[in-house]
Amino acid sequence: MARPKVPLISRRKALEAALEIVDTEGLDALSIRRLGEALNVNGASLYHHFRNKDEILAGVTRLALADAAAPPAGNENWRIWLTRGAHRIRQALISHPELIPVVLRRAPLGLGLEENEARVRRLRAGGVPLPMIAPLLEGLELLAIASALQEVGQNGLLVDGDGETAVPALHAAVEARGMSSEDLFEVMVSSLISVVESTVRLKEPRLAAERLSKA
């Protein structure tokens, strides 16, 4: 379908409306027709900004993660801004849990490419060895997704009822937990950074030898 020559609504307004639909009605409820209804325009009008639903999903996800995606400017220590970014991604996914499946299939939608390119450049400028960068970015993203799922009740130890009768020991352990899910996430993020850094540094001599043998 041809795109209208003059947009009837802005791209930003359309994405904000789409995010509202996803948050309140669910991911499956979002469609060109439903978004047109929410904006009080003909669905065809949206083709000025989007070719299909996938483009809307990509735009909505970028909007929801906008504050968490890009590294900060300046010379802040990479451990500080990388940790803060992981917390922001986690919080964004907690606020918009319906977008977690979209994030999990981000590659076909082209999500995160520019942001991760910026992160890689920033980490390299901060002195982080290149072999550390991909494991750090991948590991922190996985932690953020898993922690967000736990926080919204999709992956907890007790996912149905209080479990007092069926699993009293487990229920007691959950009730007596010594840290919140956010505390646990902070510990895991810190541990991941330390473990990746130590592991890569231990492997550096072997990796250097392998590169030399292939030269």
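Visitor: Which residues in H1 are buried?

Guide: This is a predicted model, and in H1 the buried ones are Ala14, Leu15, Ala17, Ala18, Leu19, Ile21 and Val22. Helix H2 (32-39) and helix H3 (53-64) are among the parts that cover them.

Visitor: How do you know that the span of H1 agrees with what a helix should have?

Guide: Take the 15 residues of H1 (residues 11-25) at 1.5 Å a residue, and the helix should span 21 Å. The expected span is 1.5 Å times one less than the number of residues. The end C-alpha atoms of H1 are 21 Å apart, so the two agree. Just after H1 comes Gly26, with a positive phi of about 105°.

Visitor: Why is Ser147 called buried?

Guide: Buried means under 20% relative accessible area. Ser147 has 7%, so Ser147 counts as buried. You'll find Ser147 in helix H9.

Visitor: What does Ser147 touch, not counting residues up to four places away in sequence?

Guide: Ser147 touches Arg90, Ser181 and Phe185.

Visitor: What describes the packing of helix H5 and helix H9?

Guide: Two packed helices are described by the angle between their axes and the distance between those axes. For H5 (residues 78-95) and H9 (residues 130-151), the angle is about 35° and the axes are 8 Å apart. The crossing of H5 past H9 is right-handed.

Visitor: Which residues make that contact between H5 and H9?

Guide: On the H5 side they include Trp78, Leu82, Ile89 and Arg90. From H9 come, among others, Leu136, Leu140, Ser147 and Glu151. Sorted by class, the contact of H5 with H9 has 13 nonpolar, one polar and two charged residues.

Visitor: What makes up the largest nonpolar core?

Guide: That core has 29 residues, and Trp78, Leu82, Leu93, Leu123 and Leu136 touch the most other members. At least two residues of this core come from each of H5, helix H6 (100-104), H9 and helix H11 (181-214). With nine residues, H9 gives the most.

Visitor: What is Leu93 in contact with, leaving aside neighbours within four places in sequence?

Guide: Leu93 is in contact with Leu65, Ile100, Val103, Ala144, Ile145 and Ala148.

Conventions. Residues numbered from 1 in each chain as written. Predicted model: local features only at pLDDT ≥ 70, side-chain atom pairs only at ≥ 80, totals over all residues. Heavy atoms only, no water. Axes fitted to C-alpha atoms, helices over the stretch in contact; angles between N-to-C directions. Helix = DSSP H or I, 4+ residues; strand = E, 2+ residues; numbered from the N terminus. Left-handed = near helix turned anticlockwise from the far one by under 90°. Contact = heavy atoms within 4.5 Å. Nonpolar A, V, L, I, M, F, W, Y, C, P; charged D, E, K, R; others polar. Core = buried A, V, L, I, M, F, W, Y, C linked by side-chain atoms within 4.5 Å. Buried < 20%, exposed > 50% of the residue type's maximum accessible area, 1.4 Å probe, protein only.
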